[in-house]
Every structure is written in structure tokens, then in C-alpha cells.
Amino acid sequence: MIPKAAPKATGIAVVLALLLCVLGVIVGRDALIAFGAVTGSPWIAQAIDSVVDLTVATWMLPAGIAVGVVGLILLVLALVPRSRTHRRSDTEGVWLSRRPQRTHVSTMGRAAAVADRLGTAVVGLALIALGVAAAAWQRGVLPDGIHDARRTFDTWSPTEWDEQGWWQWTLAAIAVVAVLLGLRWLYAHRPRRQPAQLTSDTDEHASVDLSSAARHAAAEFAAAPGIGSATARVVRVKGARVVRISGVADDTETPTADLVTSAEQVRTMCSSALAGLTVDTQVLVDLARRPAKSTR
């Protein structure tokens, strides 16, 4: 249950999920046009025509380099491990950070984090391949196999697909899958609701309001010497419930050892109050004290 920040790829993943939803809407519009439900000019068929008719041009080299660089950046962001926001202290359950917290401790589940990194990596690799292909085409070094594949694709008469009976159904299926996948991806980034009630392991008729216990523990920690403010929340980490109390040291000269002692006392108090429940308690202490306000 190491406190970690969200993956570097999470912000990119949210954008990709939104783009996936937009793509589904665009494809769905063309599907409705093909079914005759609405009127308008189809965009997907025109886009296919433009790609098929594309010829080598001077702009492909700089554009390919730019696209490849963007893809490389996405790939690097996907591969960077999640950073730890706090380090384990010598006291069990107490974690320390000596750097200003520019990132928050994430409650994102492992599956969502893997999906963000995998999706970003796939898009990055696709952009790298596209950029390399565009640059190679402009330089005249594109492999013959790719040219053959393009000619084969052209023989399938993609410009006539919008006249085929299966075309609208294919568009409809792609639209539904894209929208559902995009929405599910966005849903994975929702703020997680705190589990309020938990039944005791020893008495099935007894329950504890974890949120209230967390708020009380945060208030106790905020009142400790050297702590300027404190918050608490109930989170799920690897399927287990955790009361996570976060405190920020103020601009006093309270020794770090005293802050750790206060954190240990709060954790002990909270653990005692939650005895008989399957709940762990963590106390995070940000030691990067805020500078004192100027008196001028």
C-alpha cells in the first residue's frame, strides 16, 4: 500500500478517451446518414477517399518527424513508472515526504492505471509507425510491401463502400464500441466514493462510520504541534480499505521526530477505534514546511 501518484499517462489517457467518444459520435452520424435516418454529407467515406488518393509530397517529411516525436513522447510517458509521493519512515504506517507535493496521492486502481499506460503506449507506437512511414515515403525508401498493400487496398474499391449494404452496420458497430469504450475509460477516472459503513468482523450487528472516524483522526492530527493542516479519506488499495490521514507541517521548528511521534499516536488512536474491522490506517506527513509569511 505504497502511496503513489497517478501514472504520467493518465492525463493523456483522459484525452484519448474523450477522442474515442468523439470518434464514436462522428462514425455514428455517418451510420445514421447511411441508414437514411438523417441527411447530410458523410465524412468517413470522404476521409477514406482522401487517404487513398494521397500522393507523396514534400510536407510528409517534417510532418512525419513531428508525428513520430509526439508518438515517442507518449511512449515514454506510458513507460515511466508511477512515482512514490511518500517514503516509509522507521515507524510502521507513517510515511514521509520532504518535497513540496506537486502531485496528489492517487486512489486509482491497478487495472485503470494499466489501461492508461497500455492505451497511451499503443497510440504512441501507432504515431511512431505513421511518422516513420510518412518520412520514408517522402524520401522514397518506403518498402515495396507497403506499396503493394496500398494497391491491394485500392482494389477493394473503398470509395464504393458507402454504397454496400454492410457499410452502415459496420459504422454502427464501430460507433457503439467506440462510445462505450470511451465512456468506460472515462468512468475509471471518476472520484471514488468513500465507503461510509463497515460491519465489524466480530459482531455482524455492529457497524462503524469510517468517514466520521477519518474526519475525527484528521482533526486530532491537525491539532498536533507542528502540523498546520490535515485531511483524511477512506480509500481502497488493492481491494483493502485504508484510512489515509495526510498532514502538512507548518512553518514552526518542530523536529521531524516529534512530527512522526504525533503521526504514530494518531494512527494508534485510529487503529484502536477501528479495532475488529478489516481496515488499515496510514498517516502521511508532508515535511516540506511552508515558508513563514512576510511581516513587511
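Reader: How many of the residues score at least 70 in pLDDT, and what conventions apply?

Author: pLDDT is the predictor's confidence in each residue, from 0 to 100; the protein chain averages 86, and 90% of the residues score at least 70. Over residues 292-296, however, the pLDDT is below 50, and where pLDDT is low, the predicted coordinates should not be read in detail. Residues are numbered from 1 along each chain as its sequence is written, and side-chain values use heavy atoms, with hydrogens and water left out. In this predicted model local features need pLDDT of at least 70 and side-chain atom pairs count only at pLDDT 80 or more, whereas totals for chains, interfaces and linings use all residues.

Reader: Is strand 7 largely enclosed or open, and which strands pair with strand 7?

Author: Buried means under 20% relative accessible area, exposed over 50%, and partly exposed in between (1.4 Å probe, protein chains only); strands (E, at least two residues) and helices (H or I, at least four) are DSSP runs, numbered from the N terminus. Seven of the eight residues of strand 7 (residues 279-286) are buried, so strand 7 is largely enclosed by the rest of the structure.

Reader: Which salt bridge involves D280?

Author: A salt bridge places a side-chain nitrogen of Lys or Arg within 4 Å of a carboxyl oxygen of Asp or Glu, and D280 meets R267 in this way at 3.5 Å, N to O. Because D280 lies in strand 7 and R267 in helix 8, the pair ties together parts that are 13 residues apart in sequence.

Note on methods: Contact means heavy atoms within 4.5 Å.
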